[in-house]
Amino acid sequence: MNNRVWVRIAVAAALVCLPVRAPGAVCDLPDYVTQVDGALSRVPLAVEKEHKLRVLVVGTGSSALGQEGAMSAYPARLEAALAAALPKVAIAVSTDIKMRRTAVEMAAIMGKIAANGKPDLVVWQTGTVDAIRGIDPDVFRDALEAGIRAARAAGADVILVNMQYSPRTETMIAVQAYADAMHSVAQQQDVPLFDRLAAMKHWSESGIFDLAAPNRSRVAEKVHDCLGRALAELIVQSGKLDRTPSKDRP
Amino acid sequence: MPAPVASERDLRLDLFRGLALWLIFLDHIPSNVVSWVTIRNYGFSDATEIFVFISGYTAAFVYGRAMQDRGFLIAAIRILRRAWQVYVAHMFLFIIFMAEIAYVGATLRNPLYAEEMNILEFLQQPDVTLLQALLLKFKPVNMDVLPLYIILLIGFPPALWLVRRAPQLALAGSLTLYLLTWALNWNLPAYPTGHWYFNPFAWQLLFVFGAWCATGGAERLWPVMRSKWLLAVAAAYLLFAFLVSLTWYLPVFARFMPRWLSELIYPIDKTNLDVLRFMHFLALAFLVVRVLPRDWPGLNSPLLWPAIVCGQQSLAVFCLGVFLAFTSHFILVEVSDRIPMQILVSAAGIVIMVGVASVLQWYKVVDGRRAGPKPPKKPGAGLAGGEA
């Protein structure tokens with residue numbers, strides 16, 4: 001045998017010996033994103049007693065992927081990931097998404113849409129529009145509290161989702177004050193916060209996704225798939241839900 | 001009796017203002033690994049406090065001499081002319097910023113960022129937005145320091161007059177304004193909603209305190225500052241702030257933060273110059289003054305010269321720093337955002353700042369406005385080394 005064949009064998013052997021990455025491994029997040037405080041009380045009841053879980057995603061443009069992207073946006077991916085993690089539970093994820101809504105605008109309708117849809121859990125994505133418009137952070141904070149109260153009054157748990165990490169507009173949209181407000185309201189109200197900003201920053205900085213590029217190789221869809229999985233993980237973890245072992249897990 | 005004005009410029013001021021300008025530049029580049037060296041990560045206060053304090057100190061030093069030699073009116077006009085220069089510089093940066101936003105908004109081509117593409121939303125009403133920008137009510141990200149400086153300068157002529165006549169009264173007045181601001185929520189309105197990010201009614205305290213130190217206050221404080229106890233208290237406070245700051249970045253430590261303590265100290269309000277920030281700055285400044293004497297020979301060493309020369313040309317270097325931070329971010333996003341590139345743009349930015357500052361300083365010297373300890377030929381004509 002010549003050298004080239006040996007090289008091929010060595011490469012093949014190396015590939016076989018590499019640790020097998022689970023399907024979701026690219027989405028893996030550090031502990032500081034996944035370790036989240038905050039309690040869910042309605043979700044475990046619905047899952048364990050009623051074997052169903054209705055989730056309502058309330059948000060703005062970053063909860064959708066344009067007009068035709070609904071199937072690959074994170075709410076749909078969340079539904080798929082929850083169904084995989086909780087196969088015996090009837091999962092239904094619905095959305096109330098409109099572009100350019102501030103937290104104040106969403107808080108004003110929160111009670112009504114939560115009463116209409118009767119969700120067990122409201123996933124509330126907000127922050128970006130407020131940051132773009134430069135809404136007073138105190139006004140933003142009050143709106144968060146009002147929205148959480150309204151959703152809870154309608155019988156739903158709440159998870160907050162903060163803004164996206166957007167490297168190209170980082171010097172132009174001052175998100176930090178709004179991210180801080182969301183952290184502190186989440187802590188005070190004992191609401192889990194999905195730190196989408198930190199998650200996407202981690203994927204960007206570790207080179208997993210190039211977020212500054214145009215949407216080559218469908219990065220946007222892959223990011224939303226990971227966001228949906230991470231959010232499902234957060235729901236299972238915060239609700240202390242009994243995960244039915246699925247086939248693809250060792 | 002007007003308080004005596006120190007005759008020789010304190011190079012420590014230029015050194016630390018230069019360093020503060022570098023840190024502000026580094027902090028303004030988002031996602032930059034080099035910004036881990038900046039002081040905001042190791043305590044409550046950041047480079048802004050240093051910049052505002054030293055600006056107040058040098059303004060009192062330079063315009064105080066003018067007020068002594070030429071009278072209130074000439075000094076006041078000189079201060080207001082400076083405020084106008086800062087205003088024009090701010091508007092120039094605003095135009096550069098608009099150009100960058102317009103470019104990025106037009107080239108964001110990713111369904112992921114459908115929302116962020118609305119960043120140009122405010123340009124849909126250019127009549128309102130541009131007018132609000134001229135009124136300093138509309139201020140883009142990271143462009144809040146110069147408007148603060150403008151307001152502080154506009155209010156400075158009477159403040160300087162009082163600081164020179166009755167320094168204790170001036171400081172008490174400044175403190176009263178600060179406390180009233182906290183009690184009554186005073187601030188200037190911003191556009192479209194909200195308030196100024198740096199509340200001038202609160203931040204004036206640092207500026208006036210700087211001016212007070214420059215007009216004899218530092219000497220009056222000296223007996224107190226020699227106390228070993230005070231040194232221990234300052235060091236303990238800095239250590240406390242450092243430990244708290246660890247919990248912000250290292251989640252491992254976050255669990256050691258007692259809930260009652262976080263409820264007590266958070267939020268640490270930058271807008272209104274939180275008293276924790278002010279005390280942190282005082283402790284830092286105190287430590288520096290104790291460790292570095294005014295006649296420390298190192299101040300003349302070529303190693304520190306790059307920071308000193310930047311501190312002496314502070315307005316130009318500050319504006320350049322804001323511009324370079326935009327440019328660095330642009331390069332990081334459009335070319336490469338890897339760590340070597342982050343280090344490269346950070347270092348290149350500082351080199352450019354030093355280069356421009358040294359050309360300006362050199363020009364100032366050959367143009368006849370001699371820098372250094374020599375007294376100016378015409379009364380009040382020289383700026384005693386640097387600028388206000």
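Reply: Buried means under 20% relative accessible area, exposed over 50%, partly exposed in between (1.4 Å probe, protein chains only). This is a predicted model: local features need pLDDT of at least 70, side-chain atom pairs 80 or more, while totals for chains, interfaces and linings use all residues. Residues are numbered from 1 along each chain, chains are lettered from A and ligands numbered from 1 as written, and side-chain values use heavy atoms, without hydrogens or water.

Start with chain B. B:Cys213 counts as buried because its relative accessibility is 7%. B:Cys310 is buried too, because its value is 0%. The closest cysteine sulfur to that of B:Cys310 sits in B:Cys319, 13 Å away, so a bond is out of reach.

Now the bonded pair. One disulfide (sulfur atoms within 2.5 Å) occurs over all chains. A:Cys27 and A:Cys226 form the link, S to S 2.1 Å. Its angle about the S-S bond is -65 degrees, hence left-handed. The link spans 199 residues: A:Cys27 lies in the loop between helix H1 (3-17) and helix H2 (31-34) of chain A, and A:Cys226 in helix H10 of chain A. Helices are DSSP runs (H or I) of at least four residues. Both A:Cys27 and A:Cys226 are buried.

Next, the contact (heavy atoms within 4.5 Å). Chain A gives 40 residues and chain B 33 residues. One salt bridge (Lys or Arg side-chain nitrogen within 4 Å of an Asp or Glu carboxyl oxygen) is counted between chain A and chain B. A:Arg168 pairs with B:Glu334, with the closest N and O atoms 2.9 Å apart. On the side of chain A that touches chain B, helix H10 (219-238) of chain A is one of the elements giving two or more residues.
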